[in-house]
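Me: I have a structure open and would like to learn how to read it. Please take me through the features one at a time.

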Amino acid sequence: MATLHTVNKSPFATQALLSCLGHAKAGDTVLMIEDGVYGGASGTGLAEAVAGLGGAVTLAVLEPDMKARGIAASRLMDGVKTVDYAGFVELAASHDRTQAWL
Amino acid sequence: MTDGVKKFLYVNRKAPYGTIYALESLEVVLIGAAFDLDVSLAFLDDGVFQLVKSQDTKEIGVKNFSPTFRALGDYEVTKLYVEKESLAERGLTAEDLQEITYEDEDDDYAEKPSLIFVSRAEMADVMGDQDVVLSF
């Protein structure tokens with residue numbers, strides 16, 4: 001019974017990503033899209049919140065949104081993977097529900 | 001996913017008047033109440049501000065929709081989960097929120113509280129137990 005969480009706002013503008021990480025359960029996936037992809041970059045002060053999850057939650061960023069903003073894959077935090085649009089659909093289909101953190 | 005009646009959760013994370021999200025959420029809840037659904041509402045982050053009592057919007061020229069929450073019981077919407085950490089972070093306690101109750105038709109119409117105060121971990125469990133989650 002896993003949930004796909006989507007976050008579409010920069011973590012430097014809203015608390016959405018932090019709140020999402022605080023409510024994600026083991027086996028869930030957090031997908032950062034649109035301005036949410038800034039949350040996937042390393043060296044931003046979010047490492048602690050991500051480390052607190054202990055790897056029980058899968059973190060991913062939507063590659064087209066990441067590329068659009070000039071974020072190289074090499075800048076992503078360890079353990080954060082990238083998905084393309086088809087991968088987004090796969091995630092939606094493979095989880096029991098999708099929850100948007102607006 | 002369960003068979004039969006679907007569990008719907010409306011997640012409220014925005015303060016009431018700065019954006020239209022809160023009012024729209026309430027409108028959708030009322031529309032959804034016409035269908036045979038197991039409805040719950042979640043209030044966390046700034047969403048807890050929606051439930052604060054003594055709201056008076058006369059001087060900002062918008063409708064004070066907070067009394068509408070007290071009517072939800074008549075639509076069999078009786079589970080309003082409120083996150084304790086979100087209250088505490090904002091300097092609020094349960095006493096700062098309006099009282100919301102419903103009449104339990106299975107218990108001689110006894111008046112019972114609709115607000116259910118839960119921890120962040122319990123809120124995560126509530127979210128993980130739904131068929132559909134609608135965010136506002």
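**Reading the contacts, the sheet and the cores**

Reply: Start between the chains, bearing in mind that this is a predicted model. Here 13 residues of chain A are in contact with 14 residues of chain B.

Me: Which element gives the largest share of the side of chain A that touches chain B?

Reply: That is β5(A), with four residues. Both α1 (16-23) and β5 (97-101) of chain A supply at least two residues each. By type, this side of chain A has four nonpolar, six polar and three charged residues.

Me: How do I read a sheet, and what is the strand order in chain B?

Reply: Strands of a sheet pair through backbone hydrogen bonds, either parallel or antiparallel. In chain B, five strands form an open sheet with parallel pairing, in the order β6-β3-β2-β1-β7. At its edges are β6 (115-118) and β7 (132-135) of chain B, each pairing on one side only. Within the sheet, three bridges join β2(B) to β3(B), and A42(B) stands opposite Y81(B) of β3(B).

Me: Which strands does α1(B) lie across?

Reply: It lies across β1, β2 and β7 of chain B, and runs at about 165° to β1(B).

Me: What about the core: which residues touch the most other members?

Reply: In soluble globular proteins, nonpolar side chains tend to be buried together. The largest nonpolar core here has 29 residues, and L9(B), Y10(B), L41(B), A42(B), F43(B) and Y81(B) touch the most other members. Elements supplying at least two residues each include β1 (7-12) and α1 (21-32) of chain B. Another core, of 22 residues, lies apart from it and includes M32(A) and W101(A).

How values were computed
Residues numbered from 1 in each chain as written. Chains lettered and ligands numbered in written order. Predicted model: local features only at pLDDT ≥ 70, side-chain atom pairs only at ≥ 80, totals over all residues. Core = buried A, V, L, I, M, F, W, Y, C linked by C-beta atoms within 7 Å. Buried ≥ 20, exposed ≤ 12 C-beta atoms within 10 Å, placed from the backbone. Contact = placed C-beta atoms within 7 Å. Nonpolar A, V, L, I, M, F, W, Y, C, P; charged D, E, K, R; others polar. Pairing = 2+ DSSP bridges. Axes fitted to C-alpha atoms, helices over the stretch in contact; angles between N-to-C directions.
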